[in-house]
Amino acid sequence: MSDVATSTGRAPTVFVPSAEALATVLAPGARPPRPSALSASMTFGWRAMLKIKHVPEQLFDVTAFPIIMVLMFTYLFGGALAGSPSEYLQFFLPGIMVTSVVMITMYTGVGLNTDIEKGVFDRFRTLPVWRPAALVGMILGDVLRYVLAAFVILGVGLVLGFRPDGGVLGVLAGIGLLVIFSFAFSWVWTYFGLVLRSEKSVMGVSMMVLFPLTFLSNVFVNPTTMPGWLQAFVNVNPITHLVAAVRAAMSGSSDPSNTMWLLLWSAGFLVVFGTLTMYRYNRR
């Protein structure tokens, strides 16, 4: 346009749109209100569930893995540790439910790291919503996975002969305690997902932390059978408190001490790693 204008000696024509023309292009009406923190978090949580809908293979770790764990440990160790698999199952099933669900929490950090590497979270940060909503919503979506895994394990246990004395209310109370702890514990992996540079690194660090916590606990055997130096670690292990509280709820009794420790551990994970995650996320 400028070359043509120079050759003809005329100034280039500048088009200025009228107010009427702009009104037909721009969205009419008042600007929509800014979504609340809860609304934005629930929307991102729905996004996490839609990912499961479109990629159902993601449910492998909450379906096939728990079933394999229950069958393998019940029939591999049940006869040696309790005299029969059915007797061992009564002791073991709440513990393996905790182990399976807590293991699944690491995928929160893995998924976060993957989204960051793909640039998804950079786009989220430009949206006019509560900034932590993407992180909170992602973990809320993962809560569905925790509940599903717990019920899958419970279903397999009932088929094999597990009979909780606490009934339906005791089972729901135990699963509720497990979900509370898992939600808080997930913030540990969100922090690792932000600070580590690859999803393999996140998974490696997660397994290095989870294996000692889950196996050096009261999941598989009574801690009184262990050496004293090992009992010292097992007795302060948060997984030990969680398993004891869930076992007590499902058996129809209560364990105020371990339940209190479980809630304190959950609050600690949420406050410490939630704060570190938000600090890192806002400055990334």
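**Terms and their grounds**

Analyst: Ser-100 has a relative accessibility of 0%, and therefore counts as buried. The model in which this holds is a predicted one. Ser-100 belongs to helix α5, residues 85–104. Beyond its neighbours within four places in sequence, Ser-100 is in contact with Phe-65, Pro-66, Met-69 and Ile-153.

User: Why is Ile-68 called partly exposed?

Analyst: The relative accessibility of Ile-68 is 49%. Buried requires a value under 20% and exposed a value over 50%, so Ile-68 counts as partly exposed. Ile-68 is located in helix α4, residues 60–82.

User: What makes the meeting of Asp-115 and Arg-47 a salt bridge?

Analyst: The N to O distance between their side chains is 3.6 Å. The cut-off is within 4 Å, and the pair therefore qualifies as a salt bridge. Asp-115 lies in helix α6 and Arg-47 in helix α3, so the pair ties together parts that are 68 residues apart in sequence.

User: Is Asp-115 buried or exposed, and how do you know?

Analyst: Asp-115 has 7% relative accessibility and so counts as buried. Arg-47, at 26%, is partly exposed.

User: What separates Asp-142 and Arg-145 along helix α8?

Analyst: They are three residues apart in this helix, and are therefore separated by about one helical turn. Their side chains meet in a salt bridge at 3.8 Å, N to O. Asp-142, at 12% relative accessibility, counts as buried, as does Arg-145 at 6%.

Definitions and conventions: Residues numbered from 1 in each chain as written. Predicted model: local features only at pLDDT ≥ 70, side-chain atom pairs only at ≥ 80, totals over all residues. Heavy atoms only, no water. Helix = DSSP H or I, 4+ residues; strand = E, 2+ residues; numbered from the N terminus. Buried < 20%, exposed > 50% of the residue type's maximum accessible area, 1.4 Å probe, protein only. Contact = heavy atoms within 4.5 Å.
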